[in-house]
Amino acid sequence: MNTLKRIYCRTFQTGLKLALPFLPYRKPKIVGSVNALPDIIKSNHCDKVLIITDAGIRKLGLTFRLEKALDQAEVPYCIYDKTVANPTTTNVYEAIALYKSECCDCIIGFGGGSSIDCAKAVGACIVKPKQPLSKMKGILKVHKKLPLLMAIPTTAGTGSETTLAAVITDAHTRHKYAINDFPLIPRYAVLDPKVTISLPPFITATTGMDALTHAVEAYIGNSTTYGTRKDAILAVKLIFENIYTAYEDGRNVEARRNMLRASFYAGCAFTKSYVGYVHAVAHSLGGEYNVPHGLANAVILPMVLKAYGEVIHPKLARLAVAAGLTDPNTPCDEAAKCFISAIQEMKKRFGIGNHIPEIQETDVPKLAHYADKEANPLYPVPVLMSAAELETFYYMLMPNPENPKKILIDPITANDTKGVTNHDGTRNERTCCQTENLL
C-alpha cells in the first residue's frame with residue numbers, strides 16, 4: 001500500500017477509535033428461550049410479528065416451538081422463509097412487501113446470519129422507505145429507530161444477533177456490501193440452545209469457526225478496548241472448550257449453550273473493534289460465488305494470520321493461553337505458532353480444506369477490489385494491504401492457479417508496526433508476550 005493511502009487509513013481508524021467511548025453502542029438483552037418472546041412482544045405493544053427465516057429452518061421444524069408459543073399467547077404472526085445464504089436485495093424487498101401487506105409492526109430474525117441480516121435490512125427499509133438499500137451501505141446511513149427487532153440465532157457463529165451490521169448481496173451485480181448503524185443492533189437476542197440441536201456437524205464446525213474468526217480479528221486489530229478484548233478472550237476460551245463436543249455430540253445442550261455464548265461475545269467484540277482482511281476476502285467470495293461465509297472464514301483464517309507476521313504474535317500468544325494451548329511463560333513466537341497450528345488442526349478434524357474451488361482467475365482483480373474497498377480504511381487491521389497485495393490470497397485459495405508465480409510466499413511487506421522484517425532486511429524486535437499488557 002502506498003504511503004498516502006496508508007496515512008489516510010490509519011488517520012481514519014484513529015479517529016474512529018477516539019470516538020468509540022462517545023458512540024451509542026449497546027448489547028442486546030439476552031433471552032434464554034423462545035417461549036419468552038410473546039410477553040416481550042406484548043409488553044412492547046406490538047400487534048403482529050413478521051418472522052424472517054429460510055426454507056431449511058422451516059423444513060427442520062426449528063420454528064415450531066416459537067410458532068406454538070405465539071399461538072398459545074394469541075400473538076398473530078406471518079412467516080417469510082425464502083431467505084438464501086448471503087441474503088439478496090430480492091429477499092429484503094419480498095419480506096418488506098409481506099410486512100406491509102400483513103400489517104406487521106415487529107420483526108423476528110430466526111436462523112443464521114443470513115436470516116438475521118435480512119431482518120435488519122427489512123427494518124432499515126421500513127423506517128427509510130424512500131432510500132434504496134444500496135444508498136445505506138457503509139456506516140451511519142440509517143439513523144432512525146427500527147421496529148422492535150428480535151434475533152434468534154440457530155447457528156453459534158455469525159454473531160449477527162449482537163452486531164450493528166447487515167451484510168446484503170445485490171441480486172443483480174452480486175456485489176456484497178455491509179450496512180452499519182446502531183439502530184440495526186437487535187433489541188433482544190434469544191440464546192436458546194434447543195434451536196441449535198438439529199444443526200448438522202459440518203455447519204456446527206464452520207459456524208463455530210466463524211465465531212472464532214470474529215473473536216480473533218477483533219482482538220488482533222488496532223481499535224480494541226478493554227471490554228472488547230475481554231469479550232474476545234472469553235469467546236476464544238469457550239470455543240476451544242466446546243466446539244469439538246458440539247461437533248461430535250450435537251445434542252449436548254451445555255456445549256450448544258456455550259457455543260451460543262461464544263458467538264454472542266465474539267459478536268460484541270467485533271461490533272466495536274471490527275474485523276479484518278479475513279472477512280473482506282470472505283465477503284467477496286460469498287457475494288460472487290455464494291460461498292458460505294463461515295466456511296470461507298475458516299479456510300482463510302490461518303492464511304491471513306500467517307501473512308500478518310510477527311506483529312500479531314504477542315496477541316496470538318495471549319489467545320493461545322486463553323484457549324488452553326500454552327502457558328503464560330511460553331515464548332511469544334512459539335505460542336503464536338501453536339495457536340495457528342491449532343486452527344489448522346481444527347480445520348483438518350472438521351474436514352475443511354484449504355481451497356475455494358469456485359474462484360476463477362479472471363475474477364481475482366475484481367474480488368480484490370471489493371475486499372480492498374470494504375476493508376480500507378474502515379478495518380483497523382494490524383498490517384495494511386492494498387488490492388494488489390490482497391490478490392495473492394485469492395491465488396493461494398485456488399486449487400490449481402494458472403499462474404502460480406502470482407502466489408507470493410510472504411504477501412505482506414511490513415509497515416508501521418514493530419516485530420516484522422523491514423524492506424532493508426533489518427528487524428524491529430518484539431518484547432516477550434509476558435511483558436505485554438494485552439487486556
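**Cavities**

I began with the second largest cavity, which holds about 40 Å³ of space. A cavity here is a set of points on a 1 Å grid over the protein atoms alone where a 1.4 Å probe fits but cannot get out, and lining residues have an atom within 4 Å of a point. The volume is the space filled by probe spheres set on the points, with grid points joined across faces, edges and corners.

The model is predicted: local features need pLDDT of at least 70, side-chain atom pairs count only at pLDDT 80 or more, and totals for chains, interfaces and linings use all residues. Residues are numbered from 1 along each chain as its sequence is written, and side-chain values use heavy atoms, with hydrogens and water left out.

I listed the lining of this second largest cavity as Ala 156, Leu 199, Thr 204, Thr 207, Gly 208, Ala 246, Arg 256 and Met 259. Helices (H or I, at least four residues) and strands (E, at least two) are DSSP runs, numbered from the N terminus. I sorted the lining into 4 nonpolar, 3 polar and 1 charged. In this sorting Ala, Val, Leu, Ile, Met, Phe, Trp, Tyr, Cys and Pro count as nonpolar, Asp, Glu, Lys and Arg as charged, and the others, Gly among them, as polar.

I then looked up the largest cavity, with about 50 Å³ of space. Its lining includes Gln 13, Leu 16, Lys 17, Lys 272 and Pro 380. Helix α1 (residues 3-19) gives the most to that lining, with 3 residues. The count of cavities of 30 Å³ or more is 2.

**Sheet**

I found an open sheet of 3 strands in the order β5-β8-β7, with mixed pairing. β5 (138-139) and β7 (165-169) stand at the edges with a single partner strand each, so one side of each has no neighbour in the sheet. Two strands pair if DSSP finds at least two bridges between them.

β7 and β8 (residues 176-180) run antiparallel and are joined by 5 bridges. Ala 165 stands opposite Asn 180, and Ile 168 has Tyr 177 as its bridge partner. These two strands form a hairpin with 6 residues between them, and Arg 174 in the turn has a positive phi of about 65 degrees. β5 and β8 run parallel, joined by 2 bridges.

Next I checked burial, where buried means under 20% relative accessible area, exposed over 50% and partly exposed in between (1.4 Å probe, protein chains only). In β8, 5 of the 5 residues are buried, so the strand is largely enclosed by the rest of the structure. Lys 176, Ala 178 and Asn 180 point one way from β8, and Tyr 177 and Ile 179 the other way.

**Rings**

I noted the charged end of Lys 137 over the ring of Tyr 177, 5.7 Å from its centre. That of Arg 349 sits over the ring of Tyr 244, 4.0 Å from its centre. The rule asks for NZ of Lys or CZ of Arg within 6 Å of the ring centre and within 35 degrees of the ring normal.

I counted 8 aromatic pairs. Phe 264 and Tyr 265 form an edge-to-face pair, 5.5 Å centre to centre with 90 degrees between the planes. Rings of Phe, Tyr and Trp (its six-membered ring) pair if their centres lie within 6.5 Å; planes under 30 degrees apart count as stacked, over 60 as edge-to-face and the rest as tilted.

Note on methods: 1 Å grid on protein atoms, 1.4 Å probe; cavity = no way out; pocket = protein on both sides within 12 Å on 5 of 7 lines; lining within 4 Å.
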